[in-house]
Amino acid sequence: VQLQASGGGLVQPGGSPRLSCETSGMIFKFNAMGWYRQAPGKQRELVAGATSDIKTVYADSVKGRFTVSRDSAENTVYLQMNNLKPEDSAVYYCNAGRILGGNYFPGSSWGQGTLVTVSS
């Protein structure tokens, strides 16, 4: 599975960028796509995930602000981020995995990540 994330950059607090992740390869082996993020000095953490029939999971810190969506025809997953805060600054990675029992389980394939910096 190949994953290519894009859409990051410098964003002002309160901004609303959208990240995209294009996928290719044996994506059908996974029932979900997800977004993770990693800030400097911190562990990588789940942000959001969605199955092909749009079951979603979100980190508590982004609920109500971020929306994950998928375009199955284009094998693309999106992360709409609204009302960004400085603490959302991180490298954002997409992942192909599984959602089971309301939890996201990441697969072993990761894209190169896209940096989001929230600053005025």
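Modeller: Strand β3 (residues 18-24) is joined to strand β8 (residues 76-81) by 5 bridges, and the two run antiparallel; strands here are DSSP runs of E with at least two residues, numbered from the N terminus. Within this pair, Cys21 has Val77 of β8 as its bridge partner. The model is a predicted one, in which local features need pLDDT of at least 70, side-chain atom pairs count only at pLDDT 80 or more, and totals for chains, interfaces and linings use all residues. Residues are numbered from 1 along each chain as its sequence is written, and side-chain values use heavy atoms, with hydrogens and water left out.

Both strands belong to an open sheet of 4 strands with antiparallel pairing, in the order β1-β3-β8-β7; two strands pair if DSSP finds at least two bridges between them. Because β1 (2-6) and β7 (66-71) each have a single partner strand, they stand at the edges, and one side of each is left without a neighbour in the sheet. On average, neighbouring strands of this sheet are turned by 15° against each other, direction ignored, with axes taken as lines fitted to C-alpha atoms.

The largest nonpolar core has 26 residues, and Trp35, Val47, Phe66, Leu79, Met81 and Tyr92 have the most contacts inside it. Such a core is a set of buried Ala, Val, Leu, Ile, Met, Phe, Trp, Tyr and Cys residues joined through side-chain atoms within 4.5 Å, where buried means under 20% relative accessible area (1.4 Å probe, protein chains only). Among the strands that each supply at least two residues of this core are β1, β3, β7 and β8.

Technical notes
Axes are lines fitted to C-alpha atoms, for helices over the stretch in contact, and angles run from 0 to 180 degrees between N-to-C directions. Buried means under 20% relative accessible area, exposed over 50%, partly exposed in between (1.4 Å probe, protein chains only).
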